[in-house]
Amino acid sequence: MKPLLILKLGAPKADIIARLGEYSDWIARTIAPVQHSVRVLDIIDGEALPAVDSAAGVILTGSAHMVPERQLWSEATRAWLQQAVPAGLPVFAICYGHQLLADACGGAVGDNPRGLEIGSTTITRLPTCDNDPIFAALPAHFTANVTHYQSVLRLPAGATVLAANEHDPHQAYRIGAHAWGVQFHPEFDAAAIRAHIDGRRDTITAIGHDPDAIRAAVRADTPDAAALLRRFARYAATRSGII
């Protein structure tokens, strides 16, 4: 049975990990109801990327790093994605992963001109979702948790924008038929995003925002965003013949 891979490209701060776990844990927990065979590969710590045809699909995590840093492990993942996407491997890329996927396929990544976006935000589903196997079931507006300084500034040629908000016109996109990127974190629950807000209080204050107000506005649950991960896991499993 081919596993669904989670490529670990980063992790939260140590105090968050000690209390709540990390990105790969939260992703695995979110998709657990799909009953998928999951394998986590710690790419940032040097674990080797597998053959593209050895996986049912792949989920890329977020990271504290930035794509323009051109870290060696990131560049290796970038090259791997340039094989995986044309090969038709289902890909679901989150935050840093979303930016890396766009970069690998010819897009551009850099500082978001509106600065830091953090907390629970409302995102608009675009009509391009209508026939999408992962995004079609979204409501017209949904809530997701976000934390990012950089964004996809230019999508790859031929990419389809699926969701947007005022802060970021590329909150979600699809490349080809089987690769998706989301700037938001569908794996974050309320505790996870509050922990990230607490860890960036000084930065939030320095840019003229109130971290307590952002924290108070965090939604207790973001089921529409979380459901995207489960639909992707089911999609990858179906394509590989697992279910």
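Helices (H or I, at least four residues) and strands (E, at least two) are DSSP runs, numbered from the N terminus. The views below show a predicted model, in which local features need pLDDT of at least 70, side-chain atom pairs count only at pLDDT 80 or more, and totals for chains, interfaces and linings use all residues. Residues are numbered from 1 along each chain as its sequence is written, and side-chain values use heavy atoms, with hydrogens and water left out.

**View 1. The second largest pocket and strand β6.** A pocket is an open set of points on a 1 Å grid over the protein atoms alone, where a 1.4 Å probe fits, with protein on both sides within 12 Å along at least five of seven lines, and its lining residues have an atom within 4 Å of a point. About 160 Å³ of space lies in this second largest pocket, a volume being the space filled by probe spheres set on the points, which are joined across faces, edges and corners. Strand β6, residues 117-125, gives the most to the lining, with 5 residues. Among the lining residues are Glu-117, Val-146, His-167, His-209 and Ile-214. The lining divides into 6 nonpolar, 5 polar and 1 charged, where Ala, Val, Leu, Ile, Met, Phe, Trp, Tyr, Cys and Pro count as nonpolar, Asp, Glu, Lys and Arg as charged, and the others, Gly among them, as polar.

**View 2. The largest pocket.** The volume of the largest pocket is about 320 Å³. Of the 22 residues that line it, Tyr-23, Ser-63, Ala-64, Thr-147 and Arg-200 are the closest to its centre. At least two lining residues each come from α4 (96-104), β7 (141-148) and α5 (190-199), and α5 gives the most, with 3 residues. By type, the lining holds 10 nonpolar, 10 polar and 2 charged residues.

**View 3. Lys-8 in strand β1.** Lys-8 lies in β1, residues 4-8, and it counts as buried because its relative accessibility is 14%, where buried means under 20% relative accessible area, exposed over 50%, and partly exposed in between (1.4 Å probe, protein chains only). Leaving aside residues up to four places away in sequence, Lys-8 touches Glu-22, Ser-24, Val-40, Leu-41, Asp-42, Ile-43, Ile-44 and Thr-61, contact meaning heavy atoms within 4.5 Å.

**View 4. Thr-30 in helix α2.** Helix α2, residues 23-31, contains Thr-30, which counts as buried at 11% relative accessibility. Not counting residues up to four places away in sequence, Thr-30 touches Glu-187, Ala-226, Leu-229 and Arg-230. A polar atom of the Thr-30 side chain lies 2.7 Å from the backbone oxygen of Trp-26.

Notes: A polar contact is a pair of N or O atoms within 3.5 Å; within protein, one must be able to donate a hydrogen and the other to accept it, and residues adjacent in sequence count only if both atoms are side-chain atoms.
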